[in-house]
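Colleague: I would like to learn how to read salt bridges and a sheet in a model. Please show me the structure first.

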Amino acid sequence: MKRAATTEPGILNRRDAIGFIIAAGFAPSRALSQASSTAPLEKVAWGFTNAGAYYWDVYAAIDLGFMREERIEIDSINVPNVSQSMQLLLASALDILSVSTEVAISAIEHDADIVMIGVETTKPTFALVARPEIKSYDDLRGKTLGVTQMTEASTTMLKLLLQKHGVKSGEYDLIPAGGTPNRYAALTKGAISATMLSQPMDFVAAGEGMRLLGYALEAFDGPLVSIAVRKAWAKSHSDLTTRFLRATARAARWLHDKANREAAIDLLSKATKSPRAESVKSYDLFFGPLDVMSVDLTPTLDGIQKYIDLRGTGGPPERYIDASYLNRALGR
């Protein structure tokens, strides 16, 4: 089923917005898009920020054909900047966005017409990775650390982790260094002394001689990556939204089945273009005792409340979540 393009006054349409990304040097990645099946397919523009293990469930839903079985063709759009990905969602350049929970909460608090409809990772697995000469947290005092942006997401987690280990705000400098690939490059080239990296890039960096100091989950326990949509789009595409979630939840259950371990590792290596050995470590982290990836995408009010408490913005948590689509997807 083809959908007519829509353009609302004052915002970019999808083609213009994506064209803007390309003009800025950020080419969308569509390597995971699926070919047509015999049944009519509906396209969904799914956005994410840099290839990483956080999106393992959607990768699997695409690669295993679960999306196609739900009559969905995914247009995978990799946006290197988390704030820009939210702007593209609001501009209708994306339909569904996997995004930092805190960024989604911030957008909603600024009256953006979006809502979270599921969570992908239940804990923040950002890893603090430092240069080889950094032996401990104490060595980070007076150093320059790289973050995606100056507020929210990995920046919040970095500050919390440093505070837990006795390094106070003001004892180090922060500079915005962009997405994971940019921060990785800045770290390995010595432009910054440490940064937060996602899996499997943290393990890749460790293989290059960098030092893994710790994980954000030591300092904060809440869902790191959520699935966000524009309320109006989800309402007008209720069945499509439900089918997307059903395919993704099915993939999440598949990933948790240890019988699929080797296939899941191969899938992540292909999706992230990373060495298999690093994907093995990512699997053991995500599906080991920590149980990082949600088994059915279910968001909890308690998880959202933790962010509200952290930000000191009140609530209630129900303001940020619409579980109706997921409930239908899971038949409950």
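Modeller: A salt bridge is a side-chain nitrogen of Lys or Arg within 4 Å of a carboxyl oxygen of Asp or Glu. The structure holds 19 of these salt bridges. This is a predicted model: local features need pLDDT of at least 70, side-chain atom pairs count only at pLDDT 80 or more, and totals for chains, interfaces and linings use all residues. Residues are numbered from 1 along each chain as its sequence is written, and side-chain values use heavy atoms, with hydrogens and water left out.

Colleague: Which parts of the chain does the pair Glu-42 and Arg-243 link?

Modeller: Helices (H or I, at least four residues) and strands (E, at least two) are DSSP runs, numbered from the N terminus. Glu-42 lies in strand β1 (residues 42-48) and Arg-243 in helix α10 (residues 238-256), 201 residues apart. Their side chains meet at 2.3 Å, N to O.

Colleague: Is Glu-42 buried or exposed?

Modeller: Buried means under 20% relative accessible area, exposed over 50%, partly exposed in between (1.4 Å probe, protein chains only). Glu-42 counts as buried because its relative accessibility is 11%. Arg-243 is buried too, at 2%.

Colleague: And Asp-138 with Arg-141?

Modeller: Their closest N and O atoms are 2.9 Å apart. Asp-138 is partly exposed at 46%, and Arg-141 is partly exposed at 32%. Elsewhere, shared partners join Arg-261, Glu-262, Asp-266, Arg-276 and Asp-284 into one network.

Colleague: What is the strand order in the open sheet?

Modeller: Two strands pair if DSSP finds at least two bridges between them. The five strands run β2-β1-β3-β10-β4, with mixed pairing. Strands β3 and β10 run antiparallel, joined by five bridges.
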